[in-house]
Amino acid sequence: MRTVFRKISIVLLVGFFFLTGAPWEGPKGGASADSSFHPPVFVLLYHPWEEGFEDTFREHCIWLRQMGFETISIEILVDYMEGRAPILPPRPFLLTFDDGTIENYEIVYPILQEFGYQGTAFVMTGPPFFQSTDRKWWKEADRSNVLRIENHSHTHSLIFTGPKIIDFYSGENFEDYFLIKGMDRRLGAPIYELDAELVRYRYTPDRRLTDRCVNYVAQNGGEAFFKRENWREELQQVVENFRGSTAERGRYETDVQKGLRIQREIFHSKRMIEQAIGPGKKVDYFAYPWGIYDEGLIRQLEKSYRGAFTSDWGGNFPGDDPYRIKRVVVTSEMNAEDLAIFLLGE
Ligand SMILES: [Zn+2]
């Protein structure tokens with residue numbers, strides 16, 4: 001399961017990397033260093049399931065310690081962003097870890113202890129993720145004040161968002177599509193256009209069209225069908241024949257259905273984490289799955305969260321929105337010199 005997640009997420013990460021802007025080039029507004037200068041506070045985002053994570057993360061911690069960096073809590077960061085001018089260490093930063101895989105407990109947690117740092121793991125609560133990582137370690141990690149547990153949604157899913165077909169399920173390409181909520185896993189099932197589920201209306205395809213494609217594959221050799229050179233074109237023709245003769249009955253969810261689905265993803269999962277960790281635990285922060293968010297989602301989160309983390313590149317300054325906390329996505333290819341570019345601006 002984790003390898004599957006790895007593959008999809010890397011595609012998204014690489015996307016972010018090319019979209020992000022230039023490194024920090026000095027104080028906001030170009031002001032020279034004076035008493036009114038507020039430096040950016042950076043939040044590093046790691047994905048501990050990444051190949052090579054352990055070596056990279058250890059190397060980074062060694063460098064961060066040598067350079068005198070100190071982790072601060074999310075509350076201090078939010079105080080800073082909201083202009084309450086908390087007392088900061090000379091070189092403050094935050095460590096965050098997304099997706100809740102078991103490496104958080106097996107690698108991150110002991111390394112943080114070793115270096116005297118604190119971090120936050122953003123976890124999912126949905127069943128698919130428990131197949132590779134249970135929630136038994138949450139309580140110990142959170143209670144230790146070393147690796148705090150916060151929310152990264154219930155399922156981190158993608159949804160179909162409209163009738164356009166982008167592919168068909170062939171069994172082979174399962175890894176690309178396993179995060180699609182409610183996906184039909186019969187060979188030949190159409191894959192419709194997709195997006196992150198917390199920002200879009202969900203489209204439920206016409207079951208008759210799915211059946212038509214699935215039956216066509218079954219009648220033409222099942223798995224062997226996908227060895228044909230033009231299998232996609234053949235299925236596309238099945239779709240065109242259906243659409244040419246039948247009024248398609250795909251449908252979009254209602255506002256109420258969308259609201260309930262999003263509530264489950266952000267509020268139900270919050271309660272699940274609080275219950276798993278026990279009395280006194282309050283989940284106050286959210287990390288947007290895929291780094292994708294919109295105004296509507298922020299309005300929802302404001303009801304019971306105090307802030308949220310994006311994957312938008314940059315440092316955080318006083319006056320910035322705590323529901324749009326910026327992060328620096330750190331990959332296993334980055335060495336300590338790369339970190340120095342953002343954290344020290346050099
Ligand atoms: Zn994620």
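What share of the 346 residues of the chain count as buried? The answer is 35%, where buried asks for 20 or more other C-beta atoms within 10 Å of a residue's own, exposed for 12 or fewer, and partly exposed for anything in between, with C-beta atoms placed from the backbone.

## Ground rules

This is a predicted model, where local features need pLDDT of at least 70 and side-chain atom pairs count only at pLDDT 80 or more, while totals for chains, interfaces and linings use all residues. Residues are numbered from 1 along each chain as its sequence is written.

## The overall fold

The chain comes to twelve helices and twelve strands. These are DSSP runs numbered from the N terminus, with helices (H or I) of at least four residues and strands (E) of at least two. Of the contacts with a separation of 6 or more, 70% join residues 24 or more positions apart; a contact has C-beta atoms, placed from the backbone, within 7 Å.

Strand E1 (residues 42–46) is largely enclosed by the rest of the structure, because five of its five residues are buried. Phe42, Leu44 and Tyr46 point one way, Val43 and Leu45 the other.

E1 pairs in the parallel sense with strand E3 (residues 92–98) over five bridges, and with strand E12 (residues 328–329), also parallel, over two bridges. Pairing takes at least two DSSP bridges between the strands. Leu45 shows up in both pairings: it stands opposite Thr96 in E3 and opposite Val329 in E12.

## Strands E4 and E5

Strand E5 (residues 147–151) is mostly covered, with five of its five residues buried. Leu147, Ile149 and Asn151 point one way, while Arg148 and Glu150 point the other, and all are buried. Strand E4 (residues 119–123) runs parallel to E5 over five bridges, with Val123 bridged to Asn151.

## Helices H8 and H9

The axes of helix H8 (residues 207–219) and helix H9 (residues 231–245) come within 10 Å and cross at roughly 140 degrees. Axes here are lines fitted to C-alpha atoms over the stretch in contact, with angles from 0 to 180 degrees between N-to-C directions. H8 and H9 are therefore oblique to each other, as under 35 degrees is roughly parallel, over 145 roughly antiparallel, 65 to 115 roughly perpendicular and the rest oblique.

The contact is made by Leu209, Arg212, Cys213 and Tyr216 of H8 and Leu235, Val238, Val239 and Phe242 of H9.

## Gln257

Gln257 sits in helix H10 (residues 255–277). Gln257 is partly exposed because it has 13 other C-beta atoms within 10 Å. Its C-alpha atom is separated by 8.9 Å from that of Tyr201, 56 residues apart along the chain.

Key
Contact = placed C-beta atoms within 7 Å.
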